[in-house]
Amino acid sequence: MPDYFCLWIPHFAAWTLSQSEAALQGRAFAVCESGKVVAASPLAIEAGVGIGMTSGRAQSRLSSLLIVARDSSRETLAWEEVQRTFYGLTPRVESAAPGLLFAEVDARKAIPLLRSWQAQGGAAQDRATAHLAALSTSTGQARVVKAGREAAFGDMTRLDVLRHAGISAATLQRLEWFGWVYVGALRVLTRRQLEEQVGAEGASLYRFAQGPRCRDNLRPVTTWQPPQEVSATLSFELPAREPCEWEGALDLLLEKVCAALGSRRARTLEVRLESPIAPLAARRVLKEPTCQTQALGAPARACLEDVLKMLAPLPAVVLGLEVRLGALSCPPSQASLFEGEKAEKVERPRRLRAALESVESRFSGQSGRYVPDELDGPFPEEQWRFDPVGGWLSALETLNDERKERSGKGHPGTERLGQRGPR
């Protein structure tokens, strides 16, 4: 049977910020979302800050507590980097949630990563037992449960550790009322019995209690698929030994790889160096997605310097260079300021025509119709006019009547031409 390894990074949201922000390292802070704590730094946890607290209650525990807003995009990017690192140990890597993954790898190979990341690990012959081992061990260590010892390990593991696995406090309290304190005590219950007592969480409790006897815990780990990347490679005809040689090649590769991005933007940058000893690589996570060569110049040179330091004290000899851009994303579409006006200009005459047709139907006794006047007029009333049939004749008759009336009565101070007044 394969060995299942479980990696767990407690308070992953806070861990992500402490890895990317040097100012937060060694400080007590809490990551909040919608006014509630979703993760906390080790110093904040020591002060009594817990998940689910309101930000006000958390600050009442520690007056110097720093409240930081959650950055989901940064968490996603950091978790992708964690999976990529594990992919270097084994292709069998499966993510269960941000901060929790399963892999088919020897636990001894993962110890350096656990110490570097301040994470916890567990290994067993099934998923649930490996998960329990990771939750119950210390930071930077891995607990290995040997085959055949799963039941004994469950009998001495308290149910309280399952709060880190998503089991609610109300469920744990209900189980304690029944006298069930250890995970192994639930082994005598069926899945249906647990679901009747605690609802949907009964399925998870059943998996943890049964261990290798549950078929779901023996499902093989899937193969991780690396995300899409854009790369550019250059091989030197003769080994490059001077900085002017590989620095010029790096600028050329940046131009090529940015041209290959098209309309996309990258968030990660990796520079790989081919040396006579072994291929070396260094990565950087960019603060903002970019596709500009100028923005990538400084982090690319920093990556190249890190790689060259790995060769020390040997002289730097470069056989080839490669630049990779990852975490690709498309920029949001920029809507035109006049796009809404264009749509309104097309739609408004249609609405007016329908309204005017209804008016015509109500006043069908009058001989006439509405015709478009100025389609580009700023006001609706300027776009249509009522054109009666023979309207010009009636207007002419009205004008003649007015002239006759003026000719008969006359106006004070005026005189009709061709007519003499009384002497």
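1. Phe12 is buried, its relative accessible area being 6% (buried means under 20% relative accessible area, exposed over 50%, partly exposed in between, with a 1.4 Å probe and protein chains only). The model is predicted: local features need pLDDT of at least 70 and side-chain atom pairs count only at pLDDT 80 or more, while totals for chains, interfaces and linings use all residues. Residues are numbered from 1 along each chain as its sequence is written, and side-chain values use heavy atoms, with hydrogens and water left out.

2. Seven aromatic pairs are found in a search of the whole structure (rings of Phe, Tyr and Trp, the last by its six-membered ring, pair if their centres lie within 6.5 Å; planes under 30 degrees apart count as stacked, over 60 as edge-to-face and the rest as tilted). Phe12 and Trp15 form a stacked pair, because their ring centres are 5.5 Å apart and their planes are at 25°. Both residues belong to helix α1, three residues apart, about one turn of the helix (helices are DSSP runs of H or I with at least four residues, strands are runs of E with at least two, and numbering starts from the N terminus). Trp15, like Phe12, is buried.

3. Phe12 also pairs with Trp79: the ring centres are 5.4 Å apart and the planes at 80°, so this pair is edge-to-face. Distant parts of the chain are linked by it, since Phe12 lies in helix α1 and Trp79 in helix α4, 67 residues apart. Trp79 counts as buried, at 5% relative accessibility. One aromatic cluster is formed by Phe5, Phe12, Trp15, Trp79, Phe86 and Trp117.

4. Two arginines deserve mention. The charged end of Arg158 sits over the ring of Tyr182, 5.7 Å from its centre, and Arg207 lies over the face of Phe208, at 5.4 Å from the ring centre (the criterion is NZ of Lys or CZ of Arg within 6 Å of the ring centre and within 35 degrees of the ring normal).

5. The second largest pocket is lined by 30 residues, with Ala78, Glu81, Arg283, Arg284 and Val285 nearest its centre (on a 1 Å grid over the protein atoms alone, a pocket is an open set of points where a 1.4 Å probe fits, with protein on both sides within 12 Å along at least five of seven lines; lining residues have an atom within 4 Å of a point). Helix α4 gives the most to this lining, with eight residues. At least two residues each come from α1 (12-20), α4 (72-87), β10 (266-274), β11 (279-290) and α12 (293-311).
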